[in-house]
Amino acid sequence: HHDAPRGLLRISVPTPVIDTFLGIALAEFIRRYAELRVEVVATDALVDLVADGYDATLRIGASSPASLGISPLATVVPVLAASRAYLERAPRLERLADLAAHSLVGHAGKKKTTWTFVSRSGEQERVEVTPRIVTNSAPLATQCVLAGAGISILPRSVAAKGGLVVLEPGGYRPPAVSLSVMAPSARAKAPKTRAFILLMKEFIATHADLFDVIDARRARGHKTT
């Protein structure tokens, strides 16, 4: 009884995760553990878990500092996508270089940024782009693409849910990225933190329809960023 998860679990989560599946997982979490409360802070910044008082964080494609424990969850593949309405009026997109003629929706706070792509044979290409819209909000980027503002890199589940067209110019697509739970070493053994990590592993294993997940054998052939 004393080892049962209880109290407040405070987590930091990037906005793409908020936009796709976390609410469903948390609903199951509080059903399973009646004495737990959860506080979620949505941010795409790399927060200091120890200084800011977090029990855990979900991170996409980030390495783990020595002071943090890491529990890999999955390797996921985002997609380049646009609405049919946008593509009907936009220039043709046959090669990565053609992106320069398109309206793009970016996720970083810079006027110019670099998008990385890989071919199915593993060749990597980088393209410098100047998005027409730049935002640090994944939900806003998704809304813009759905409304026909242009092309962006989005989670595959979001693109599928919105009926967007997945694009692979010249046979290139965004690279796979890792999805992990990280927790301060001193808190990783707490029952509430262990329970959250276990739930996330179970959730991804049993909700494959929400993810474009690469299984363990395929993941070894992909480089995460």
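This is a predicted model: local features need pLDDT of at least 70, side-chain atom pairs count only at pLDDT 80 or more; totals for chains, interfaces and linings use all residues.
1. Ground rules. Local features need pLDDT of at least 70 and side-chain atom pairs count only at pLDDT 80 or more, while totals for chains, interfaces and linings use all residues. Numbering starts from 1 along each chain as its sequence is written, and side-chain values use heavy atoms, without hydrogens and water.

2. Overall make-up. The chain has 7 helices and 14 strands (DSSP runs numbered from the N terminus: H or I, at least four residues; E, at least two). Of its 225 residues, 45% are buried (under 20% relative accessible area, 1.4 Å probe, protein chains only). Among contacts (heavy atoms within 4.5 Å) between residues at least 6 apart in sequence, 78% join residues at least 24 apart.

3. Main core. The largest nonpolar core holds 27 residues (buried Ala, Val, Leu, Ile, Met, Phe, Trp, Tyr and Cys joined through side-chain atoms within 4.5 Å). Helix 6 supplies the largest share, 7 residues. Phe196 is one of the members touching the most others. Beyond four places in sequence, Phe196 meets Leu9, Ile11, Leu26, Phe29, Ala56, Leu58 and Val181.

4. Second core. A separate set of 17 residues includes Leu80, Tyr86, Leu99 and Ile153.

5. Ser83. This residue sits in the loop between strand 5 (79-82) and helix 3 (84-89). Ser83 is buried, at 6% relative accessible area. Its side chain reaches the backbone nitrogen of Tyr86 at 3.1 Å. Not counting residues up to four places away in sequence, Ser83 touches Val145, Leu146, Gly148 and Leu164.

Methods
Buried means under 20% relative accessible area, exposed over 50%, partly exposed in between (1.4 Å probe, protein chains only). A polar contact is a pair of N or O atoms within 3.5 Å; within protein, one must be able to donate a hydrogen and the other to accept it, and residues adjacent in sequence count only if both atoms are side-chain atoms.
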